[in-house]
Amino acid sequence: MLTVERIGKSFGGVRALQDVSFTVPERSIFGIMGANGAGKTTLFAIIAGNLAPSSGAVRLGDLRLTGLPPHRVAAAGVARTFQIVRPFRGLSVQENVETALRFGARDRPAAAPADAAGILGLTGLDGAAGRPAGALTLAQQKRLEVARALATGPRLLMLDEVMAGLTPAEVQDTIAMVRRIRADMGVTVMIIEHVMGALMALSDHVVVLDHGETIAAGPPAQVADDPAVRSAYLGRRH
Amino acid sequence: MRLLTTREAVPLLLVAAIAAVLPLLGSDYYLGVGFALFGWIALAQSWTIVSGLAGYISLGHVVFAGIGGYVLVLTWGAVPVWAGALLGALAAGLFALLVGLPVLRVRGPYFVILTFGLAEFAKYVVINIENALGRFGRLILGGPPLETLYWAMAALALAGTLAVVAIRRRRLGAGLVAIREDELAAGTIGVPTVRFKLFAFALSALLPGFVGALFVLRTGYFEPAQAFDPVISFTIVTMAIVGGSADARGPVFGTLFLVVLSELLWSNFPQVYMIVLGTLLVGFVLFAPNGVAGLFERRWRVRGAPASG
């Protein structure tokens, strides 16, 4: 459903992304791996319209997303979370979700939850609905990022390290939540994660970025055995 | 349509009640105080649309009143009085649309300084035009009587209060608040940030244009340095801060509080008038950043349901 075509991005002289191409199949869970600074979050920002690429294009089906402002990308059915959380701090958790419900995708999938209560239940925030978003713990704020993104009624949901800093039990909960989002709502999920085990367990497909370039792509088992991936993660043998 | 909530009904009823009561006192003094009070309410409510909801703090809102007043005197005699005032409002809105696109690209302190500078710039442009025309102040003779102006201004105050109530209920209001809280996140969840900001800015300029025209009709005189006086912008901000600008209550509470207080101080302690006002402003910013409305809320919360966390 989503096609990334030869995306490149330079910040001044620094190349953050170079010639990155891949296709995300409909209803898949698509993992993006890579060390810090590999360009993963930059890629999400480009897809969401927060950043303009230096070269290449992103397409959602037949629609060219590149060049559209963020709100048009959201209207097309693409949502993202922020790795460094950006809740509407002065609003309550419920108001955060309600705001996203009033905007977001133009054509909501039939299975998308239409009310805040459903979304807060799914993301485990129902007990915190009335609290100001700024007063939540970091783990709760990460869940609020997911809740707010879901409330936009997306066809494609991009999750940026929503498991970082969680306990193993919370990671298991989050894995179950992501599976439910795909199964119950038919949402395609792209996921950046440092928790390798979680990413391997969840993803149908994985792309590995290293210094802005794609070094491997394929099913998780195959990618894990790839020599280029091993050397990028574990260091080259000298 | 949902019924009015308390926080929506209180400011609307308060404005309507004051408007109905003041003329019963049967004195031009009260009509004059009411005229000023409603003028400030209309200005502070308009300011709240762009600065309270969207968080873009304008320190140059006088420019819209100045433009409204100037258009009124320029069209004086050529069109009926109310058409001139309406043209003033439209001109202010149009001006906001034109300058909004570049001006609203900057945020925070830069926006504050830019709006202030823009208002000063407009003032000197008008001063120079008037000088070039050889006009040093323009007299307006035969304007509407005070009572008519009073009712017109009361209507503007009510319209401004209603506008803030209505915008807060709509998608526009939710989007503006999201922009205030986090503009990048707002755009990412689908808020058309550029369009909403521009629309809010233009809306927030319309009523001040009208108010400026009425101010000129009341004084019977237009002088650019006075019509574009930056102290008017500062006063709008002060009233909104003292009242609290999260919803339509703030501008009404703040304006009422300051206008009544300054009338009392002015007549009883003219020597310390400015000192007391300045101390109050500092006190509110330091100890009650959510203004009078916030103080009420806190009291109510303590007595009603204790807030958790």
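Author: Gladly! Let us begin with contacts: two residues are in contact if their C-beta atoms, placed from the backbone, lie within 7 Å. Keep in mind that this is a predicted model, where local features need pLDDT of at least 70, side-chain atom pairs count only at pLDDT 80 or more, and totals for chains, interfaces and linings use all residues. Residues are numbered from 1 along each chain as its sequence is written, while chains are lettered from A and ligands numbered from 1 in the order in which they are written.

Reader: Which residues of H11(B) meet H13(B)?

Author: On the H11(B) side they are B:Thr238, B:Ile241 and B:Val242, and they meet B:Leu281, B:Phe284 and B:Val285 of H13(B). By class, this contact of H11(B) with H13(B) has five nonpolar, one polar and no charged residues. Here Ala, Val, Leu, Ile, Met, Phe, Trp, Tyr, Cys and Pro count as nonpolar, Asp, Glu, Lys and Arg as charged, and the others, Gly among them, as polar. The labels come from DSSP runs, numbered from the N terminus: helices (H or I, at least four residues) and strands (E, at least two).

Reader: At what angle do H11(B) and H13(B) pack?

Author: Two packed helices are described by the angle between their axes and the distance between the axes. Axes are lines fitted to C-alpha atoms, for helices over the stretch in contact, and angles run from 0 to 180 degrees between N-to-C directions. Helix H11 (residues 230–243) and helix H13 (residues 273–287) of chain B pack at about 50°, with their axes 9 Å apart. The two are therefore oblique to each other; angles under 35 degrees count as roughly parallel, over 145 as roughly antiparallel, 65 to 115 as roughly perpendicular and the rest as oblique.

Reader: How do H3(A) and H5(A) pack?

Author: Their angle is about 30°, and their axes are 7 Å apart, so H3(A) and H5(A) are roughly parallel. Among the residues in this contact are A:Val97 and A:Leu101 of H3(A), together with A:Leu144 and A:Arg148 of H5(A). By class, the contact of H3(A) with H5(A) has seven nonpolar, one polar and one charged residues.

Reader: In what order do the six strands of the open sheet in chain A come?

Author: Two strands pair if DSSP finds at least two bridges between them. The order is E6-E7-E8-E3-E9-E10, with mixed pairing. E6 (78–80) and E10 (213–218) of chain A are the edge strands, each pairing on one side only. Inside the sheet, five bridges join E7 (residues 156–160) to E8 (residues 188–192) of chain A, and these run parallel. A:Leu159 stands opposite A:Ile191 in E8(A). Helix H6 (residues 168–185) of chain A packs on the sheet, touching E3, E7 and E8 of chain A.

Reader: How many residues does each chain give to the contact between the chains?

Author: Chain A gives 23 residues and chain B gives 16. H2(A) supplies the largest share of the side of chain A that touches chain B, four residues. That side divides into 11 nonpolar, six polar and six charged residues.

Reader: Where in chain B does pLDDT stay under 50?

Author: Residues 302–309 of chain B are the place; pLDDT is the predictor's confidence in each residue, from 0 to 100. Where pLDDT is low, the predicted coordinates should not be read in detail. Chain B averages a pLDDT of 91, and 95% of the residues score at least 70. For the complex, the predictor gives an ipTM of 0.94 and a pTM of 0.92.
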